Amino acid sequence: METAKMRAGTGGKTRASAPAQAPAPAPETLPLGEILAGDCIEAMRTLPDNSIDCIFADPPYNLQLGGDLNRPDGSHVDAVTNDWDRFDSFRAYDDFTRHWLTEARRVLKPDGSLWVIGSYHNIYRVGAILQDIGFWILNDIVWRKTNPMPNFKGTRFTNAHETLIWASMGEKARYHFNYRAMKTLNDELQMRSDWVIPICAGGERLKENGRKAHPTQKPEALLYRVLLATTEQGDVVLDPFFGTGTTGAVAKRLGRQWIGCEREGFYREVALKRIEKELPLDESALKTMQSRKSAPRVAFGTVVETGLIAPGTVVFDKKRRWRAIVRADGSLDCEGQTGSIHGLGKDLQGAPSCNGWSFWHYEKDGEIVPVDAARQLYLLAAED
């Protein structure tokens, strides 16, 4: 996976300008895979300095709702009316924000980064405070919702987006940005700062006794993009407002370590049950998300011509929906439809892109393996 230790404004690599820091604690000394109970500020104070690679924070929005919200037909809207979202004043909210951001800055590594998501109710206040205490804003990302909740009263524009702030530890600090993974994810186009992703709905929406488990559950696709963009396999991700565990579930899937803070016992129970069911991606799937610089480029035709996968081999997707024959030039033939391992996989699925190395599989010594296994054998032989 490509990791650029970037300096803002230059696109190059640089050393962090901050003074030398004490070595980060070994991962085994951290409460990995645990949800720390209680107030997030107190919970973060139990973590060592410079121990976290990335923080994703979804703090209370301080929505300032003045009573119940109803639809035109009089039915109740299940909005955020919980005590954890209520503050006596803007000053109280700002004090809370400054305290948790100060702890976040302490526990982050010098090359770590911070993500904060919010709405117009709070994101500008959060942004000003994080700048005041030394963070450097790299991007503000607009999460544009494809299915936002309408404005039932018809007195304002529909709130169809939220804002994410991505920040490094300082103007000249190093930070992780997996540019190649983001470009691949976006069909070989640079990933933009406006992300069109549906809100959490359907089977992904967690429910207990027929009601939403959490009113502001974030979609897993959003966290997938954040973590894939700015962390590496094995990195430690902290979520100070863990809720029902979206960050932990996606981190586990992507091979990242996670720590959560959550004061509400109900949310902790829901999150732990959810994450327990999550399965990490296999090693080969994670390895395909590498930069062109870090992973030598190998054409599928090279794998074929060296005999690691012979012409005439039958390859298939993991669910065995499609079968194709490997041809002598490294192309595939699926019942007369032909193309490269990537192009044919994309066309058959009707998808914008396809990583053929992980999509196609074949049988080797009685086992089903991805064609990427042959590429890895080639790379190992080339190193000898």
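**Rings and their labels**

Modeller: The protein has twelve helices and 18 strands (DSSP runs, H or I of at least four residues for helices, E of at least two for strands, numbered from the N terminus). It's a predicted model, where local features need pLDDT of at least 70, side-chain atom pairs count only at pLDDT 80 or more, and totals for chains, interfaces and linings use all residues. Residues are numbered from 1 along each chain as its sequence is written, and side-chain values use heavy atoms, leaving out hydrogens and water.

Colleague: What makes Tyr93 and Phe96 a tilted pair?

Modeller: Rings of Phe, Tyr and Trp (its six-membered ring) pair if their centres lie within 6.5 Å; planes under 30 degrees apart are stacked, over 60 edge-to-face, the rest tilted. By this rule there are 13 aromatic pairs. Tyr93 and Phe96 sit 6.5 Å centre to centre with 50° between the planes, so they pair as tilted. Both lie in helix α2 (residues 90-107), three residues apart, about one turn of the helix.

Colleague: Why is Tyr93 called buried?

Modeller: Buried means under 20% relative accessible area, exposed over 50%, partly exposed in between (1.4 Å probe, protein chains only). Tyr93 has 1%, so it's buried. Phe96 has 15%, so that one is buried too.

Colleague: What makes Phe359 and Trp360 edge-to-face?

Modeller: Their planes are 80° apart, with 5.0 Å centre to centre, so edge-to-face it is. Phe359 and Trp360 are both buried.
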